[in-house]
Amino acid sequence: MARTPDRIATAPSSRRTSGSIPRFSLYGEPAQPGEELLHIEEVQSRSRLYHWEIDAHVHQGLYQILWLAAGSAEVMLDEWRAQVQGPAAIVVPPGVVHGFRFAPETDGRVLTLSARFLVEGEFQDIGKAFRALFSAPGVLHFSPDDGEAHRLHVQLAELSAEFALPGAADAPVLRWLARAVVWRLARASEQGQREGGDAKAHQALFTRFLLLVEQHFLEHWPMDRYASRLGLSTQRLNRLVRAERGCTALELVHERLTREACRRLVYIAAPAASLALELGFEDPAYFSRFFKRRTGQSPQQWRRAHTGPVSRA
């Protein structure tokens, strides 16, 4: 199995005019962060009601795994879009804009875990696996004859059956099964990257940096603050990032900031100057220069180029 690289810029199927991307607790339901502990449902139970299409939306504080057992789906994660064939697992961390267009009769399940689930009971014991799995959005591909894919499918089916039982919310078996699913997917994601203890420690440190960036990039932290939080010098942080991504730590943060700017320009119909303030730029003119230096286009040019109609062929 392999994890799909992140993001190819494409236009979404629609552009929001209300000033924000829809935020749901679960599909189509008002956002109530932190209330759900665990939820699982079949893909067809909801998508069939909407002609097998789930519009772009975002969850705050919720972690999702969409398991495609059979069939296919056009998957959108932020600006990245691709056709995914089952068996595959689509990993959606909080705050990632995502949408799906399923082939009719696609077989699969959607597992949703809240932040509360991470700290209750014994789930923190596999916190490392959880952080590794949800460090970035992506797709894990499996071959149809892969035994691990079969085991994941069976565990998710068992989890779904337990969830449907009366009083299931307090059943510890739900936590055990969900932990097993997360652990299996984290192991699949890391397979092929295990090159000894030093390499794993190196990867873990880089993952911690990515998580810090995700939490603080809108605050425009200086690099020495990131380095200090990781117990590193700025020079060592740059060496770490260059070894993993081939760029400096600052360039990686700017890449994340640019990706967020691109996403908001496409999905939020607000003036670029207003979006600049939301992105932590006090001077809209400086934001425009920053954006053009990174993309080759002004914010207005980018918006026009990426909000046109999308072919459904």
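Visitor: Let's start with Arg 184: buried or exposed?
Guide: Arg 184 is buried, at 16% relative accessible area. Buried here means under 20% relative accessible area, exposed means over 50%, and partly exposed is in between, with a 1.4 Å probe and protein chains only. Bear in mind that this is a predicted model, where local features need pLDDT of at least 70, side-chain atom pairs count only at pLDDT 80 or more, and totals for chains, interfaces and linings use all residues. Residues are numbered from 1 along each chain as its sequence is written, and side-chain values use heavy atoms, with hydrogens and water left out.

Visitor: Where is Arg 184 found? And what is it in contact with, leaving aside neighbours within four places in sequence?
Guide: Arg 184 is part of helix H5, residues 172–190. Helices (H or I, at least four residues) and strands (E, at least two) are DSSP runs, numbered from the N terminus. Beyond its sequence neighbours within four places, Arg 184 contacts Glu 148, Arg 151, Leu 152 and Gln 155, where contact means heavy atoms within 4.5 Å. Leu 152 is 32 residues away along the chain, and the two C-alpha atoms are 7.4 Å apart.

Visitor: OK, cores. Which residues touch the most other members of the largest nonpolar one?
Guide: That core has 40 residues, and Phe 209, Tyr 226, Leu 237, Val 241 and Leu 252 touch the most other members. A nonpolar core is a set of buried Ala, Val, Leu, Ile, Met, Phe, Trp, Tyr and Cys residues joined through side-chain atoms within 4.5 Å.

Visitor: Which elements give two or more residues to it?
Guide: Helices H6 (197–216), H7 (223–230), H8 (234–245), H9 (249–267), H10 (272–278) and H11 (284–295). H9 gives the largest share, nine residues.

Visitor: And what does Leu 237 touch?
Guide: Not counting residues up to four places away in sequence, Leu 237 touches Phe 209, Met 223, Tyr 226, Ala 227, Leu 230, Leu 232 and Ala 249. There's also a second, separate core of 30 residues, with Leu 113, Leu 140, Ala 168 and Ala 178 among them.

Visitor: Back to H9. At what angle do H9 and H11 pack?
Guide: About 105°, with the axes 10 Å apart. Axes are lines fitted to C-alpha atoms, for helices over the stretch in contact, and angles run from 0 to 180 degrees between N-to-C directions. H9 and H11 are therefore roughly perpendicular, a label for angles of 65 to 115 degrees.

Visitor: Which residues of H11 make that contact?
Guide: Phe 287, Phe 290, Phe 291, Arg 294 and Thr 295 on the H11 side, facing H9 residues that include His 254, Leu 257, Ala 261 and Cys 262.

Note on methods
Angles under 35 degrees count as roughly parallel, over 145 as roughly antiparallel, 65 to 115 as roughly perpendicular and the rest as oblique.
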